[in-house]
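Dear colleague,

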Amino acid sequence: MRFFRLLLNYLCKIALLKLIFNPRQKLAGLALVAGLLGLPLLLTACGDTAPPADVAQRYLENIRDSAYTSAYDLLSSDSQLKVSRSQFVDRLTRARTEAGITRTDIVKVQPPNIVGKRASVAYEVEVTTQDNRKMPLFESLVLLQQDNGWRVVWPPQ
Amino acid sequence: MPLNSSTKIRRKVRAWAGFGAALLALVAILGLPGAIQAQSDPTTTPPTATISTTPQATPSTQPGQAPDGATSDYLSESLRLLFPAAPASLDWNGLQEPIFTSDTPAFDMVSLGLLKFEDSRPLTKTFTLNLGGGVRGRLFATPPWLSPVPDRFVNPGGNGQLNISLNLRQDPGQGAGLLPAQTNWGHMLLSLNGVMFDYAVPLIAEGPPTIKTEDGDKVFALQKEIADRLDSQGDLDAFIGSPRYPNASQIALGLAVDYLGEPEYNQRLARTDFTGRVAEMLSQKDYNHDGWIGFRPEDILLGAPGWALGQPATKTDK
């Protein structure tokens with residue numbers, strides 16, 4: 001595979017040089033080079049640019065709605081390597097049942113504290129249990145900035 | 001100027017060559033993304049390192065099942081109390097080869113449910129391990145509120161089943177690290193013949209009745225004061241997380257609820273002192289140069305949680 005990539009790279013360089021130094025197609029060649037150099041930047045820019053608080057809000061909304069499959073998409077890559085999607089869905093569903101939680105409301109999501117590529121977002125949720133007891137929980141998510149945007153570290157501790 | 005057919009063909013060939021070169025360049029620059037994506041996709045790549053070396057010990061939770069305590073090789077509780085640091089007699093003699101399968105998870109989560117405020121009933125959850133072949137195991141748990149029993153065992157051979165009780169310690173003196181009004185995340189490492197399995201053990205702890213849903217602003221304001229204190233020392237990263245406190249911000253929230261719920265440790269610990277103590281605890285630094293990091297013994301007497309007791313500062317902690 002490595003040999004194949006090197007060969008491709010070599011062929012491309014020859015073809016591009018020919019294109020650039022051909023006086024008839026000089027402009028087209030330069031445009032092509034500029035486009036190719038800009039493409040990776042463009043692709044990076046297409047990643048999730050949402051700030052950490054928005055990602056945390058989306059994650060919490062998914063958890064609130066028991067949409068664990070969607071919540072899984074917002075986990076950091078290390079967290080996803082640790083737990084599979086089906087395991088995540090199964091365990092969170094079970095945890096909610098075992099805690100007797102019937103309803104979760106998001107009360108507040110605080111502005112993030114960001115240091116480099118790590119962020120912390122504090123939030124308050126109110127959970128309602130089977131005996132209709134309401135209790136506030138004050139928690140925090142740690143997020144990491146990855147190529148695809150800010151992602152949630154799970155489990156949180 | 002009219003073009004002859006050979007010039008037209010030459011131009012067409014050149015145009016196609018240019019297009020081909022551009023395509024090749026694109027593939028080379030992007031580095032064959034399809035292949036790399038497939039390698040890094042967590043759903044398609046099993047953790048082979050653990051699965052291929054995993055004995056057949058399929059942990060599964062059975063909440064309703066009572067522990068039977070039938071673990072013949074487990075060091076008795078009385079001996080453990082006498083020699084708490086002594087290892088159990090985990091002898092390899094006569095141990096059979098373990099049975100290896102590919103369905104044992106390297107990570108799992110065992111939820112302890114919900115603990116109501118001032119609920120003194122013992123909270124226990126049984127956790128069953130199905131052991132196949134010769135298996136020697138140990139369980140390590142943190143923080144101290146999580147206590148698995150037994151924490152070491154041997155299955156000399158054949159198929160065996162071991163019930164492990166996950167107990168919650170909430171002794172008021174040491175408090176064992178349980179924080180109010182949040183999901184506390186315990187962590188267990190199970191070593192089976194040297195292969196490690198990771199367990200997350202969440203427990204939701206209800207907060208004090210004095211802290212209600214509408215008190216969020218008060219709690220977050222105090223938490224922000226702790227963050228500001230750390231930031232003023234250039235240690236805001238310790239507020240996000242450190243090896244000692246991976247989610248330090250949540251620890252700060254738990255302590256803020258504890259402080260406000262008492263309230264303010266019966267007005268005997270000033271707010272600035274409290275935020276300073278928590279900031280020192282999270283960064284492990286002595287900001288006020290009193291030779292002590294975090295909560296002092298006298299703070300514990302005032303109402304700060306016993307488990308949060310700090311320690312004397314060394315020269316490197318300043």
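In helix α5 of chain B, the buried residues are Gly216(B), Val219(B), Phe220(B), Leu222(B), Gln223(B), Ile226(B), Ala227(B), Arg229(B) and Leu230(B), where buried means that 20 or more other C-beta atoms, placed from the backbone, lie within 10 Å of the residue's own, exposed means 12 or fewer, and partly exposed means in between. This is a predicted model, in which local features need pLDDT of at least 70 and side-chain atom pairs count only at pLDDT 80 or more, while totals for chains, interfaces and linings use all residues. Residues are numbered from 1 along each chain as its sequence is written, and chains are lettered from A and ligands numbered from 1 in the order in which they are written.

Helices (H or I, at least four residues) and strands (E, at least two) are DSSP runs, numbered from the N terminus.

Most residues other than glycine have a negative phi, and most peptide bonds are trans. The bond from Thr142(B) to Pro143(B), however, is cis, with omega near -5 degrees, and Pro143(B) sits in the loop between β5 and β6 of chain B. Glu262(B) and Pro263(B) are also joined by a cis peptide bond, with omega about 0 degrees. Glu264(B), in helix α8 of chain B, has a positive phi of about 45 degrees and counts as partly exposed because it has 16 C-beta neighbours inside 10 Å.

Best regards
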